[in-house]
Amino acid sequence: MRVGYALEGDDSCIADARRHAAAFLDRAREQQLPVSARAKDLTALVVSELVTNTRKYAPGPVMLELRITARAVDVTVWDSDPTMPAARAADPNRVGQHGLEIVKAVAEEFVVQRATVGKRITARIPLADGPGRDF
């Protein structure tokens, strides 16, 4: 299963993206895919963080793509800003700006690609709980 959504990039796009992701995973469950509650929560977190960063740093529309296989869901966000994101060094005194660190910590795979215009960021979230997934 794969779906794509064009988001306006306005204040409502973060909540819209989370709603789309939740509905997508509900449809996957209806198709008997093993989407754990943890996978659904982590997908909502990743969608929220990636779309928030896009909203904050890249003007204009946002594309959200969700793709699911028998073992993982890929969350891909496209924006028009060519600047590649980078996680900051750990700093326990820093307030905020930990989103990318969080996404990288919970994702099984994290990929940033330049696009013809802007960039695409993909995070892969495993569907099932299992050993070594206790974050």
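## Helices α2 and α3

The axes of α2 (37–57) and α3 (99–106) come within 10 Å and cross at roughly 145 degrees. Here axes are lines fitted to C-alpha atoms, for helices over the stretch in contact, and angles run from 0 to 180 degrees between N-to-C directions. The crossing of this pair is left-handed, a word used if the near helix is turned anticlockwise from the far one by less than a right angle (right-handed if clockwise). On the α2 side, the contact is made by Leu42, Leu45, Val46, Glu49, Leu50 and Asn53, and on the α3 side by Gly99, Leu100, Ile102, Val103 and Val106. Contact means heavy atoms within 4.5 Å. Sorted by class, the α2–α3 contact has eight nonpolar, two polar and one charged residues. For these classes, Ala, Val, Leu, Ile, Met, Phe, Trp, Tyr, Cys and Pro count as nonpolar, Asp, Glu, Lys and Arg as charged, and the others, Gly among them, as polar.

A few words on the ground rules. This is a predicted model, where local features need pLDDT of at least 70 and side-chain atom pairs count only at pLDDT 80 or more, while totals for chains, interfaces and linings use all residues. Residues are numbered from 1 along each chain as its sequence is written, and side-chain values use heavy atoms, with hydrogens and water left out. Helices (H or I, at least four residues) and strands (E, at least two) are DSSP runs, numbered from the N terminus.

## The largest pocket

The largest pocket has a volume of about 460 Å³. Of the 23 residues that line this pocket, Asn53, Tyr57, Pro85, Ala86 and Leu100 are the closest to its centre. A pocket, on a 1 Å grid over the protein atoms alone, is an open set of points where a 1.4 Å probe fits, with protein on both sides within 12 Å along at least five of seven lines; lining residues have an atom within 4 Å of a point. Grid points are joined across faces, edges and corners, and the volume is the space filled by probe spheres set on the points.

By class, the lining of the largest pocket divides into nine nonpolar, seven polar and seven charged residues.

## Buried spots

Ile125 lies in strand β5 and is buried, with a relative accessible area of 0%. Buried means under 20% relative accessible area, exposed over 50%, and partly exposed in between (1.4 Å probe, protein chains only). Not counting residues up to four places away in sequence, Ile125 touches Ala39, Leu42, Thr43, Val46, Arg71, Ala72, Val73, Val106 and Ala107.

Over in helix α1 (13–30), Ala17 counts as buried at 0% relative accessibility. Setting aside neighbours within four places in sequence, Ala17 is in contact with Leu7, Val47, Val51 and Leu64. Ala17 and Tyr5 sit twelve residues apart in sequence and 8.1 Å apart in space, C-alpha to C-alpha. Thr54, in helix α2, is buried too, with a relative accessible area of 2%. Beyond residues up to four places away in sequence, Thr54 touches Val62, Val77 and Asp79.

Ser36 is buried, at 13% relative accessible area, whereas Gln32 counts as exposed at 66%. With neighbours within four places left aside, Ser36 is in contact with Arg29, Leu127, Ala128 and Asp129. Gln32 has a phi near 70 degrees, a positive value in a residue other than glycine.

Asp11 is found in the loop between β1 (2–7) and α1 and counts as exposed, at 65% relative accessibility. Asp11 and Arg55 are 44 residues apart in sequence and 7.9 Å apart in space, C-alpha to C-alpha. Met1, in the segment before β1, counts as partly exposed at 38% relative accessibility. Leaving aside neighbours within four places in sequence, Met1 is in contact with Phe24, Arg27, Ala28, Gln31, Leu66, Arg67 and Ile68.
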